[in-house]
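This report is meant for a reader who is new to the structure. Please look at the sequence and the model before reading on.

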Amino acid sequence: MQLGGLVRGPSVAPLGLFCRGCLSSAQNRPSRSFSSSTRQTIRWNSQGNLSVHCPEENPRVLITGGLGQLGVGLAQMLRNQYGTENVILSDIKKPPPHVYTSGPFVYADVLDYKHLRELIINNRITWLIHYSALLSAVGEANIALARKINITGLHNVLDLALENCLRLFVPSTIGAFGPSSPRDPAPDLCVQRPRTIYGVSKVHGELMGEYLHHKYGLDFRCLRYPGVISANTPPGGGTTDYAVQIFHDALSTGHHMCYLRPDTRLPMMHISDCHRATVEFMQTPECRLSLRTYNIAAMSFTPEELAQEIRKHLPHLKVTYNPDSVRQTIADSWPVRIDDSNARRDWDWKPAFGLEELVSDMLSSVREKRTREGLPVS
């Protein structure tokens, strides 16, 4: 997840349509002026409460911050299921040619409330996946920008989802935990006192989304991602990004300089598991969800354990350790494992990749990517 869109000043959305999904009801409102669309049947029930029925059909999806680590792959998975034209990727950056030609792409600044609203209405969006964010290490280097994007941008998205009866997904992270959280494992519900602006903004997002769900029926959904490992995008400023860079270094120079201690254990996940978890979670009927924010887990390893697994394929790999104080401090405040038993129970979550499968796939994918781009491969 890299920087998605930038926001211009806070806006207040009218509290329009409040979906309750499986419960099909929303709290009573003092005003009955709201917009309607052909995708919703709106009526007042005998108790005077607003009842909104959203017909079952292919969702219309908008992904913000879509050119980061997760957006392009998730868009492709959703397009395979729901049709290319039903999934719109957006960002504030120019997309590479293969992204631009693979399906709809639009410019979207998550700080520009009015433009984002136009995109949602004009494209009949029903699912909003909000990936725009600054990651942990980058956020610590620019706290004001991280606060603007990660919090002000979030509020624009929450208001628009509430107004337009959207199913809203906002990812959280293991960074939402802090030094006082249980570390092995961290459960879904526990003390959260993160010490990064990234983590603080994610806890804020979790609580705001859950508040709007309980008060107004917003269909808010959130997964706490572990470190996500992908061959498709370069590292984007996260504390766990060493676990991506090491594969490129192993296949090019044969030497990796790691910014964490060799024994720093953190939860990790292959990107295909992350995409699949997100799609399965979004597809789950509301009535099956006991929580609005879930942990998801796959594996936990240290830099040295990862290096040893890579050496089974590339025995020449050399790793030296030069811990960076900022990233090491962040990593030391995070859990070494997370408990995802609620996700496994409620919506049948199960990862497909362990460490051995992850290393084999990453070496193959990174080798293919570097060869395709004309980069050296040892």
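The sections below describe a pocket, a helix and some aromatic contacts in this predicted model.

## The second largest pocket

The second largest pocket has a volume of about 350 Å³. Its lining is made up of 17 residues, and Val72, His98, Val99, Asn232 and Thr233 are the ones nearest the centre. By class, nine of the lining residues are polar, six are nonpolar and two are charged.

Three helices, α1 (71–82), α2 (97–100) and α8 (271–283), each give at least two residues to this lining.

## Helix α8

Helix α8 has 13 residues. From its first C-alpha to its last it reaches 18 Å, close to the 18 Å expected at 1.5 Å a residue. Buried residues in α8 include Ile271, Cys274, Ala277, Thr278 and Phe281. Arg221 lies over the face of Phe281, 5.9 Å from the ring centre.

## Aromatic pairs

The model has nine aromatic pairs. In one of them, the ring centres of Tyr82 and Trp127 are 5.8 Å apart and the planes are at 80°, so the pair is edge-to-face. Tyr82 belongs to helix α1 and Trp127 to strand β6 (residues 127–130), so the pair ties together parts 45 residues apart in sequence. Both Tyr82 and Trp127 are buried.

Tyr131 and Phe169 also form an edge-to-face pair, with 6.4 Å centre to centre and 90° between the planes. Tyr131 and Phe169 are both buried. Ring pairs link Tyr131 and Phe169 with Tyr225, Phe281, Tyr294, Trp347 and Trp349 into a cluster.

Terms used. Residues are numbered from 1 along each chain as its sequence is written. This is a predicted model: local features need pLDDT of at least 70, side-chain atom pairs count only at pLDDT 80 or more; totals for chains, interfaces and linings use all residues. Side-chain values use heavy atoms; hydrogens and water are left out. On a 1 Å grid over the protein atoms alone, a cavity is a set of points where a 1.4 Å probe fits but cannot get out, and a pocket is an open set with protein on both sides within 12 Å along at least five of seven lines; lining residues have an atom within 4 Å of a point. Grid points are joined across faces, edges and corners, and a volume is the space filled by probe spheres set on the points. Helices (H or I, at least four residues) and strands (E, at least two) are DSSP runs, numbered from the N terminus. Ala, Val, Leu, Ile, Met, Phe, Trp, Tyr, Cys and Pro count as nonpolar, Asp, Glu, Lys and Arg as charged, and the others, Gly among them, as polar. The expected span of a helix is 1.5 Å times one less than its number of residues. Buried means under 20% relative accessible area, exposed over 50%, partly exposed in between (1.4 Å probe, protein chains only). Rings of Phe, Tyr and Trp (its six-membered ring) pair if their centres lie within 6.5 Å; planes under 30 degrees apart count as stacked, over 60 as edge-to-face and the rest as tilted. A charge sits over a ring if NZ of Lys or CZ of Arg is within 6 Å of the ring centre and within 35 degrees of the ring normal.
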